[in-house]
Amino acid sequence: MSQTKIVSDHFNKAYTLTPTEARRNYRIESLSSVISKLNKELQGVGLKVTKNFKMDITGKRYAEYTRVSV
């Protein structure tokens, strides 16, 4: 199964995905690359994956990806 398909299936079950979750759960090292490919596939469907930056309790910033309707 391709990484793009894995991430797409994840968004069918969950609202968000972080690079840490992608690494731990799916062994995807470059989530941003997979999201870029997924966004190209979703263009005609009216969906898009957006990136928001969050901050954990230690002050470290991380990306959180969310699939939204456009």
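E29 is an exposed residue, with a relative accessible area of 60%, where exposed means over 50% relative accessible area, buried means under 20%, and partly exposed lies in between, as computed with a 1.4 Å probe on protein chains only. The model is a predicted one, in which local features need pLDDT of at least 70 and side-chain atom pairs count only at pLDDT 80 or more, while totals for chains, interfaces and linings use all residues. Residues are numbered from 1 along each chain as its sequence is written, and side-chain values use heavy atoms, with hydrogens and water left out.

The side chain of E29 meets that of R23 in a salt bridge, at 3.8 Å from N to O, the term being used for a side-chain nitrogen of Lys or Arg within 4 Å of a carboxyl oxygen of Asp or Glu. R23 is partly exposed, with a relative accessible area of 37%. A search of the whole structure finds 3 salt bridges, and another of them joins the side chains of K5 and D9 at 3.0 Å, N to O. Both K5 and D9 belong to helix α1 (residues 3-13), where they are 4 residues apart, or about one turn of the helix; helices (H or I, at least four residues) and strands (E, at least two) are DSSP runs, numbered from the N terminus. K5 has 41% relative accessibility and therefore counts as partly exposed.

The side chains of E64 and K54 also meet in a salt bridge, at 3.6 Å from N to O. This pair links distant parts of the chain, with E64 in strand β3 (residues 61-69) and K54 in strand β2 (residues 47-55), 10 residues apart. E64 counts as buried because its relative accessibility is 15%, whereas K54, at 37%, counts as partly exposed.

β2 and β3 pair in the antiparallel sense over 9 bridges, two strands being taken as paired if DSSP finds at least two bridges between them. Within this pairing, K54 stands opposite Y62 in β3. The two strands form a hairpin with 5 residues between them, and G59 in the turn has a positive phi of about 95 degrees. On the other pairing, 2 bridges join β1 to β3, which run antiparallel, and T16 has T66 in β3 as its bridge partner.

V7 touches L17, I28, L31, V34, I35 and L38, not counting residues up to four places away in sequence, with contact meaning heavy atoms within 4.5 Å.

Helix α3 can be followed along its length and then around its axis. Its 12 residues should span 16 Å at 1.5 Å a residue, and its end C-alpha atoms are 16 Å apart, which agrees; the expected span is 1.5 Å times one less than the number of residues. The buried residues of α3 are L31, V34, I35, L38, N39 and L42. These residues cover an arc of only 140 degrees around the axis, which puts them on the same side of α3, the arc being that of the directions from the helix axis to the C-beta atoms. They pack against α1, β1 (16-17), α2 (19-26), β2 and β3.

L38, which lies in helix α3, is buried with a relative accessible area of 2%. It touches T4, V7, S8, F11 and V49, not counting residues up to four places away in sequence. T4, a residue of helix α1, is buried as well, with a relative accessible area of 9%.
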